[in-house]
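Here's a quick tour of the model, starting with the overall picture and then zooming in on one helix pair.

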Amino acid sequence: MTHESHINWLTVKQTLKKQAVILGGMVVFIWLVEIVDSLIFQGALDNFGIRPRTVEGLRGILFAPMLHSNFSHLMANTIPLLVLGWFVLLRGTKTFLVVTGTVILVSGLGTWLISPTNSIHIGASGLIFGYFGYLLLNSWFERSLAAVMWAVLVFLLYGSLM
């Protein structure tokens, strides 16, 4: 075996560490927001969620994925966020950042446009559905066996979201 045929484990380790810092940091931040909201603000930060068709509700597009109604809601979002987020992150950091930003804006704006008036929408569900959709649709556009296998895995794990 040549030196080139060996996996560069140092690079793999560095990549996994970078992914853990990015995705882990995101999840830790969301949990810290919920802890602060629950213990200090008694849930008042939830008012910064998406308020459909109001100017002030537009700020919620950015804040909603970080806000959750309670720890059960947050826990229900944490595992799929980690799994699907990591699958997207495997496509590369730049792809992850672009997909995350796009999904937050598109799902938030969609919620702002079509949700009932006088409601507030919070949670990372839009982000989770966006990751799910990206991972499924990516196989259509990429048309490689690896992308199709990822889509099948994602559908088997989270197809019940549909």
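## Overall picture

Of the 162 residues in the protein chain, 33% are buried, where buried means under 20% relative accessible area with a 1.4 Å probe, protein chains only. The accessible surface comes to about 9,900 Å², with 73% of it belonging to carbon and sulfur atoms; the areas come from the Shrake-Rupley method with a 1.4 Å probe.

This is a predicted model, so local features need pLDDT of at least 70 and side-chain atom pairs count only at pLDDT 80 or more, while totals for chains, interfaces and linings use all residues. Residues are numbered from 1 along each chain as its sequence is written, and side-chain values use heavy atoms, leaving out hydrogens and water.

## Fold

It's helices and zero strands here: six helices, in the pattern α-α-α-α-α-α along the sequence. Helices are DSSP runs (H or I, at least four residues), and strands are E runs of at least two, numbered from the N terminus.

The C-alpha trace spans about 65 × 35 × 25 Å along its principal axes. Among contacts (heavy atoms within 4.5 Å) with a separation of 6 or more, 75% join residues 24 or more positions apart.

## How α1 meets α3

Helix α1 (residues 9-39) and helix α3 (residues 71-89) have axes that come within 11 Å and cross at roughly 165°. That makes α1 roughly antiparallel to α3, the term for angles over 145 degrees. Axes are lines fitted to C-alpha atoms over the stretch in contact, with angles running from 0 to 180 degrees between N-to-C directions.

The contact includes L16, I22 and W31 of α1 and F71, L74 and W86 of α3.

Methods
Parallel < 35°, antiparallel > 145°, perpendicular 65-115°, else oblique. Buried < 20%, exposed > 50% of the residue type's maximum accessible area, 1.4 Å probe, protein only.
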